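This report goes through selected local features of one protein chain, by topic. The structure comes first.

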Amino acid sequence: MKKHYRAIWMEENSVFMIEQNLLPFEYKIFEAKTCAETCVAIKTMLTRGAGSLGIAAGYAMAQAALEFQNSQNYSKNIEKALFDIESTRPTAQNLFVVAKRVFNAAKISPQNALREAQQAADDDAFCSEKIAEFGNSLIRDNSKIATHCNAGWLAFVDLGTALAPIYLANKEKKNIFVYVDETRPRSQGARLTAWELSQENIPHTIIPDNATGYLMSTGKIDLMIVGADRIAKNGDTANKIGTLEKAVLAKTFNIPFYVAAPTSTIDFSCETGRNIPIEERSEDEVLYQTGTDENGILRKIRVASPNSSAFNPAFDVTFAQFITGFITEKGIFPPSEIKNLEKF
Ligand code: MRU
C-alpha cells in the first residue's frame, strides 16, 4: 500500500472509512452516504478505535445537519441524530465529545458543522503527532515494547496513540521489537496492529493474550504502551478487555506501563473508573472466529462448545495505581495530574 490514507475522512456528503472488519485479508474503502449508514458502520465496528469513533461520530453529525438543512424541524432532527449517534457505542469518550462539538456547530449552520467535523479530524491527527514525539522520548535503543489491542493509525485519523511513538522510534532507526497481544475475542492486535507494523517493516511478533506474564517474568518486555477509550478524573482508564491484567503484571515486575491518549479522551465528569460505562458485545464474538482458509476464502467458524454461551465485556478499567504515566499531546503526566489537565 503506497498511497497515504487517513483511517476515515469525509468528501461531499459521504464518509469514507477503511473497512477494518475485513483487514488484514482485504483492503477496502467503505462509503457511508447518510448519517444512518455511518451509525451502522460504528455499531458493526467497520470503523473502530477511540479516535476514529470520535471522528466518525462528528462526521455523522455533519451528515445529519446537511441531510436536514431544508427541513422545518432542523433543530429537532439534529437533536434526534445526536441521540442516535450517541447510542451506537457507549465507552469511547471521543465519540461523545466530537458528536457534541459538531452538534453545537450545527446549531449555527450545516456548513459550520462540516467545518467543525473536519477541524476535529485535523486536531486528532495533530494530537497523534505530539503523542509520537513525547512517547518516543521513553523508548530507548533496543527496547522490547508490548502493546494491547490496536491503537495505531486505524484507531485514530492518522498515526494513532500507543503505536505513534513506536512509528517515530522506528523512523529514527532505534532498534525496537514489539510484542503484539492477539486481543481476543476480536483479535484487533493479531489482525490490525500486526498488519500496521508489517506495513512499516517494524520487527514484531504476535503473542497469545495469556503469554504476557511469562514474557514479563522472564525479562522479555521493557515497556508497555496501550491506548485508552475513556480516562476518569483520577486516572482510572477504560481500555480493551485484558488491559487491567497486563497493568497489574507490569507493576508486579517493575515494567513501566504507559497509556497514550489525547486529552480529549479524559472524561472530567467521571470521578473514577467505576463510573465508566462498559460495553457488552454479542457472545458470537467469543464463540466464533472469522478468518481465511488455505484458499483465501473468508469463513466464520465456531470455536467453542456447541451448547455453551459466552459473556463478552469489551473493555475493562485499569486502576490509576497501575499506570506509570499518560502520554498526551500536552506532555507526559502521572495519574495524579490528570485532574489538573482540565485547566491546562
Ligand atoms: O472495541 P474497539 O476496537 O473500538 O476498542 C477500542 C480500542 O481499539 C482499544 O481499546 C484501544 O486500545 C484504545 S482506542 C485507540
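## Cis prolines

Proline 185 sits in the loop that runs between strand S5 (177–181) and helix H7 (188–199). The model is a predicted one, and in it the peptide bond joining arginine 184 to proline 185 is cis, with omega about 5°.

A cis bond is also found from leucine 23 to proline 24, where omega is near 5°. Proline 24 belongs to the loop between strand S2 (14–18) and strand S3 (29–32).

## Positive phi outside glycine

Lysine 173 is not a glycine, but its phi is positive, at about 65°. The residue is placed in the loop between H6 and S5. Lysine 173 counts as exposed because its relative accessibility is 73%, and the cut-off for exposed is over 50%.

Cysteine 149 also has a positive phi without being a glycine, with a value near 65°. Its loop lies between strand S4 (144–147) and helix H6 (164–171). Is cysteine 149 buried or exposed? With a relative accessible area of 7%, cysteine 149 is buried, since buried means under 20%.

## Cysteines

How many disulfides does the structure hold? The number is zero. For cysteine 39, the closest cysteine sulfur is that of cysteine 35, and the two sulfurs are 4.3 Å apart, so they are too far from each other for a bond. The cut-off used for a disulfide is a pair of cysteine sulfur atoms within 2.5 Å. Cysteine 39 is buried, at 9% relative accessibility.

Cysteine 127 takes part in no disulfide either, and its nearest cysteine sulfur belongs to cysteine 149, 20 Å away. Cysteine 127 has a relative accessible area of 13% and is therefore buried.

## Salt bridges

Across the whole structure, a search finds 15 salt bridges. One of them pairs aspartate 84 with lysine 80, and the closest N and O atoms are 2.8 Å apart. Both residues belong to helix H3 (residues 74–86), and because they are four residues apart there, about one helical turn separates them. Aspartate 84 is partly exposed, with a relative accessible area of 28%. Lysine 80 is partly exposed as well, at 48%.

Another salt bridge joins the side chains of glutamate 279 and arginine 89, with an N to O distance of 2.8 Å. This pair links distant parts of the chain, 190 residues apart: glutamate 279 is in the loop between strand S11 (266–267) and helix H10 (284–287), while arginine 89 is in the loop between H3 and helix H4 (93–106). Are these two partners buried or exposed? Glutamate 279 is buried, with a relative accessible area of 7%, and arginine 89 is buried at 4% relative accessibility.

Aspartate 293 and arginine 299 meet through their side chains in a salt bridge, 2.8 Å from N to O. Arginine 299 is partly exposed, its relative accessible area being 43%.

Glutamate 67 has a relative accessibility of 40% and so counts as partly exposed.

## Leucine 215

Helix H8 (residues 212–217) contains leucine 215. The relative accessible area of leucine 215 is 7%, which means that this residue is buried. Leucine 215 and tyrosine 179 are 36 residues apart along the chain, and their C-alpha atoms are separated by 9.4 Å.

Note on methods:
Residues are numbered from 1 along each chain as its sequence is written. This is a predicted model: local features need pLDDT of at least 70, side-chain atom pairs count only at pLDDT 80 or more; totals for chains, interfaces and linings use all residues. Side-chain values use heavy atoms; hydrogens and water are left out. Buried means under 20% relative accessible area, exposed over 50%, partly exposed in between (1.4 Å probe, protein chains only). Helices (H or I, at least four residues) and strands (E, at least two) are DSSP runs, numbered from the N terminus. A salt bridge is a side-chain nitrogen of Lys or Arg within 4 Å of a carboxyl oxygen of Asp or Glu.
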